[in-house]
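Here's a quick briefing to read alongside the structure. Have the viewer open and follow along.

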Amino acid sequence: MFYDLIIRNARLEDGDMPVDIGMKDGNILVIGTIASGGPEHSGQTEIDAGNKLVIPGFVNSHTHLDKADLLSRMRPDQFGGTLDENRRLIREFKENYTIPGMKERAGNVVREMVRQGTTAIRTQVDIDLTAKLLPLTAICELKEEYDGIVDMEICAFPQEGVLKPGTRELLEEALTPTDHRLKGGADLLGGLPLVEKTGEEQKRHINILFEIAKKHDRGLEVQIDESNDPEDFMLPYLAQKTIEEGYEGRVSATHCISLSKVCDETARETIEKVKEAGINIIVTPSCNLITNFPDRQGFRPYNSITRVKDLVENGINVAMGTDNIRDIFYPLGNGSMIREMHVLATTTRMSGIEDIAHLLSIASLNGARIMGLDYGVVIGRRADLLVTNSATKRGVISGQEIIPYVVKNGRVVSQSQLTVESLHA
Ligand SMILES: [Zn+2]
């Protein structure tokens with residue numbers, strides 16, 4: 001039993017001849033033909049991909065596990081509120097959070113994600129004066145419990161802003177905890193400038209983020225420009241500030257929806273700046289599109305999505321996340337990255353052959369790059385792989401959301417199959 005795991009008859013690209021993949025100690029050791037018979041040619045476990053595509057695991061680059069599945073705790077009269085009502089409601093929930101309750105909700109959603117092929121997650125965790133560090137404690141425990149099944153990176157997210165007295169201290173404690181229950185604490189710092197009232201305050205918010213991130217030597221992920229209102233356009237400032245602070249390559253910007261609303265010339269200049277700053281862009285297609293701004297005057301109140309195709313064509317690293325799953329801000333979702341790719345393809349009209357390849361990278365390799373994971377079906381890389389249900393990339397996106405085998409660190413962590421009891425013509 002030389003290999004820990006062998007996947008036989010795996011197709012790596014559309015139309016390629018199938019190969020075998022041998023894995024040992026969590027890495028890909030061989031891609032080619034592994035003869036049968038003899039201990040040096042066998043694996044502790046062997047699975048048959050059946051000539052279907054084997055691809056790198058999905059990376060959910062942006063979600064909110066602390067709020068995941070809050071819908072299961074909501075009464076019927078709490079649905080469909082305005083933004084203000086929802087903010088009050090989330091505060092009410094936060095006042096009553098418990099660590100076991102949060103771990104139960106979040107754990108259920110993590111298992112849903114893994115079953116559907118997610119091998120790495122970057123989650124936001126609210127850090128604010130209401131729930132304080134309880135959500136971080138719960139998610140840090142969860143991260144430890146799921147070690148070896150899914151990689152988790154935790155982003156300390158100031159949902160209520162950073163200008164209120166006491167918030168900054170709380171964020172710093174989240175990044176470098178003195179309380180042992182917080183384990184290593186949060187891995188990086190999040191941001192949400194839009195929650196501050198004026199443009200000047202939003203810039204101050206960004207400035208403070210850089211101060212904290214630099215002090216603790218951490219990366220940044222800023223949720224920015226969440227509406228398609230060209231007045232809410234902080235991305236150029238974030239890019240400028242990233243360059244001024246020497247933080248190139250260490251910042252991600254999530255949403256960036258206003259970029260779709262500004263004129264082509266401004267968009268082109270901004271994308272150039274984003275490139276110079278080495279900023280990664282993270283899109284969350286379903287969540288981006290569902291947001292409604294009924295009180296905004298002068299433009300359609302429905303939201304949009306950033307210029308994904310332009311960004312990709314200009315060499316920007318674009319990744320993707322599901323964002324909220326079944327909570328007050330997004331009442332649907334099941335953690336499926338295939339479903340998100342479908343929404344992304346549809347809303348960005350990315351349906352050509354090259355587009356399909358880009359979509360799969362957006363859902364996997366590009367997110368892995370942000371998280372510093374060595375992904376790819378390549379010898380020597382981490383064996384975080386999916387045996388899919390289709391022989392083509394397009395088929396992976398438009399087929400059933402079933403991942404027959406999810407492999408994490410060279411070990412099968414999930415096995416699923418499509419069962420049809422009966423089908424009548
Ligand atoms: Zn989010």
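Predicted model: local features only at pLDDT ≥ 70, side-chain atom pairs only at ≥ 80, totals over all residues.

- Strand β2 covers residues 19–24, and five bridges join it to β3.
- β2 and β3 run antiparallel.

**The sheet around it**
- Four strands make up this open sheet, and their order is β3-β2-β1-β4.
- The pairing in the sheet is mixed.
- Which strands stand at the edges? They are β3 (27–32) and β4 (43–48), and each has a single partner strand, so one side of each is left without a neighbour in the sheet.
- Going from one strand to the next, the twist averages 20°.

**The whole chain**
- Zooming out, you'll find 13 helices and 16 strands in the chain.
- The C-alpha trace spans about 70 × 55 × 50 Å along its principal axes.
- How does the radius of gyration of the chain fit what a compact globule would have, and what is the value? The chain has 22 Å, which agrees with the value near 22 Å that a compact globule of 425 residues would have.

**Burial and contacts**
- Of the 425 residues in the chain, 47% are buried; to count as buried, a residue needs 20 or more other C-beta atoms within 10 Å of its own.
- Take the contacts with a separation of 6 or more: 76% of them are between residues 24 or more positions apart.

Notes
Residues numbered from 1 in each chain as written. Helix = DSSP H or I, 4+ residues; strand = E, 2+ residues; numbered from the N terminus. Rg over C-alpha atoms; globule rule 2.2 N^0.38 Å. Buried ≥ 20, exposed ≤ 12 C-beta atoms within 10 Å, placed from the backbone. Contact = placed C-beta atoms within 7 Å. Pairing = 2+ DSSP bridges. Axes fitted to C-alpha atoms, helices over the stretch in contact; angles between N-to-C directions.
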